[in-house]
Amino acid sequence: MQNFFTILILVTFPICNYSQDTTMNKDWPNLNKYATENSQLTNTTNSVVFMGDSITEFWKVNDEAFFTSNSFIDRGISGQTTPQMLLRFRQDVIELKPSVVVILAGINDIAENTGPITIDEIMGNIISMVELAKNNKIKVVLCTVLPSNHFYWNPKMEPADKVIALNQLISNYAKKNKITYVDYYTAMVDDAKGLPKKYSADGVHPNLEGYKVMEGLVVKGILTYIKK
């Protein structure tokens, strides 16, 4: 079953990117993707929203029980960059009125999915999401970008050191502002500054074993705010 999901992700990822490209002119942040689901949600006041890209979107595909059993809300969109997430942050996070948001973002910016962008600009978008959450009394769990030393859809890129640089900014900001911080990178990186095969088939997207590592870490982060 795990191999099935791995194949599904590899096959559908280019399709997801194509779908995003075809809607960018009309709905660049893809506000339509979760509009109907958002309108149907009830009792989200004490919920946790996961905001992110394909790594977050495919998380629910690989381990749906993690979300359903914990009443977590997955708001990942494949291929997205931080400016797109920032534009939909109000609709997909704030208006749901969760108690906590888990933010995992930045790898697609490094891949330049929506064009060139500096590490400082990526961090600026992440900070803006954090500030929006805090201003709306939503607690933040801020996550490091997962390790990656290549992008199969953009093989000319050499992302490893940019990932490290962005994660350092995320770590520094979280510590300075006393924000709960989850370090996926250190727990999952291999000797080549990448994501090892035991955690990923393509070097970017985790498999079930990879997500299980992430789940153990992020739950600890969430529990700093929510006592069960």
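Mentor: Happy to, so let's talk through a helix, the core and a couple of loops. Keep in mind that this is a predicted model.

Trainee: Okay, helix α3 first: how many of its nine residues are buried?
Mentor: Seven of them, so helix α3, residues 54-62, is largely enclosed by the rest of the structure. The buried ones are Ser54, Ile55, Thr56, Glu57, Phe58, Trp59 and Asn62.

Trainee: And what happens at the start of α3?
Mentor: There, Asp53 has a side-chain oxygen within 3.0 Å of the backbone nitrogen of Ile55.

Trainee: Switching to the largest nonpolar core, which residues touch the most other members?
Mentor: Phe50, Leu142 and Tyr184, out of 58 residues in that core. Helix α7, residues 119-135, supplies the largest share of this core, with seven residues.

Trainee: What is Leu142 in contact with, leaving aside its neighbours within four places in sequence?
Mentor: Its contacts include Ile126 and Val130, and also Ile170, Tyr173 and Tyr181.

Trainee: Is Asn43 buried or exposed?
Mentor: Asn43 is exposed, because its relative accessible area is 80% and the cut-off for exposed is over 50%.

Trainee: And where is Glu112?
Mentor: Glu112 sits in the loop between α6 (107-110) and α7. Its phi is positive too, near 60°. At 32% relative accessibility, Glu112 is partly exposed.

Note on methods. Residues are numbered from 1 along each chain as its sequence is written. This is a predicted model: local features need pLDDT of at least 70, side-chain atom pairs count only at pLDDT 80 or more; totals for chains, interfaces and linings use all residues. Side-chain values use heavy atoms; hydrogens and water are left out. Buried means under 20% relative accessible area, exposed over 50%, partly exposed in between (1.4 Å probe, protein chains only). Helices (H or I, at least four residues) and strands (E, at least two) are DSSP runs, numbered from the N terminus. A polar contact is a pair of N or O atoms within 3.5 Å; within protein, one must be able to donate a hydrogen and the other to accept it, and residues adjacent in sequence count only if both atoms are side-chain atoms. A nonpolar core is a set of buried Ala, Val, Leu, Ile, Met, Phe, Trp, Tyr and Cys residues joined through side-chain atoms within 4.5 Å. Contact means heavy atoms within 4.5 Å.
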